[in-house]
Amino acid sequence: GGGRAAGVTRQDAAGLAAAAALLGLWGGTLVWGLPRLVGGELGAGSAACLVLLRAYLHTGLFIVIHDSLHGTLCPSFPAANRWVGSALCEIYASFEFDVLRESHARHHAHPISEADPDWYPGGFLSWMWNFMRHYFTLRQGVLQSVAFYSLAFALMAQHAVGFAPAARATFIGWMLPGLVSALQLFYFGNYLPHCGDAAESPYRAKSNRMPELLGLVTCYNFGACHEEHHMFPSIPWYDLAAARRQRVTEAASQRERASS
């Protein structure tokens with residue numbers, strides 16, 4: 001299979017529209033930011049804002065990848081779901097779609113266990129080191145290096161500057177947001193939802209009770225609504241907050257009925 005399965009649904013349209021918007025903003029901020037960084041037009045504060053914005057958009061690309069791993073990006077069009085997910089895997093950090101999908105399937109099948117590639121015993125730093133080591137490959141290192149030097153050389157040619165200012169701009173505008181995004185995804189999307197008492201949940205994941213806007217800003221709802229994601233993996237990222245609200249409302253109704 002892999003072709004068209006049905007007509008366009010709300011989820012198909014929303015998923016592809018979000019993917020297009022995030023990729024467009026990611027590319028637009030890169031094209032806007034690199035020349036200004038290499039030309040020294042941005043002060044420290046503006047450069048920091050650019051890094052944080054691009055990190056958030058970079059994280060958004062992975063959130064789209066994550067939906068595609070579950071087949072929920074555009075479920076009526078599995079070929080498009082896979083194509084978009086695979087393309088964004090390469091853009092995000094030269095990941096391989098099938099490798100990510102296999103690891104993520106194991107995470108959902110065996111959360112917080114020795115069979116879970118996203119969970120490791122020990123403290124934050126030890127867990128993060130093992131997590132990153134699991135996902136890093138030689139292929140990824142080579143392709144990311146090629147991308148870095150390609151961007152730097154393009155800036156050198158376009159703006160008639162030396163390698164040092166071009167490499168600095170590439171690091172600040174392209175590489176650093178990717179590193180911040182990786183830390184953001186690990187901390188809010190993996191570590192917090194699966195540390196501490198998360199194993200006590202029947203889904204071996206916990207939702208971090210934070211306001212919805214903060215949940216959206218920190219990790220596109222995956223930190224604030226992670227237990228709901230493990231309960232309902234077919235729900236896309238933009239509907240997780242509604243699923244959490246419904247759970248909270250139903251739990252309150254049950255407590256009210258039990259006390260009456």
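Guide: Helices (H or I, at least four residues) and strands (E, at least two) are DSSP runs, numbered from the N terminus. This is a predicted model, in which local features need pLDDT of at least 70 and side-chain atom pairs count only at pLDDT 80 or more, while totals for chains, interfaces and linings use all residues. Residues are numbered from 1 along each chain as its sequence is written, and side-chain values use heavy atoms, with hydrogens and water left out.

Visitor: OK, how many helices and strands are there?
Guide: The protein chain has ten helices and zero strands.

Visitor: And what does the C-alpha trace span?
Guide: Along its principal axes, the C-alpha trace of the protein chain spans about 75 × 45 × 35 Å.

Visitor: What share of the residues is buried?
Guide: Of the 260 residues in the protein chain, 45% are buried, where buried means under 20% relative accessible area, exposed over 50%, and partly exposed in between (1.4 Å probe, protein chains only).

Visitor: Switching topic, where is His104 found?
Guide: His104 sits in helix α4, which covers residues 97-109.

Visitor: Is it buried or exposed there?
Guide: His104 is buried, because its relative accessible area is 12%.

Visitor: So which residues does His104 touch?
Guide: Leaving aside residues up to four places away in sequence, His104 touches His66, Leu69, His70, Asp118 and His229, a contact being heavy atoms within 4.5 Å.

Visitor: Which side chain makes a polar contact with that of His104?
Guide: The side chain of His66 does, at 2.9 Å; a polar contact is a pair of N or O atoms within 3.5 Å, and within protein one must be able to donate a hydrogen and the other to accept it, with residues adjacent in sequence counting only if both atoms are side-chain atoms.
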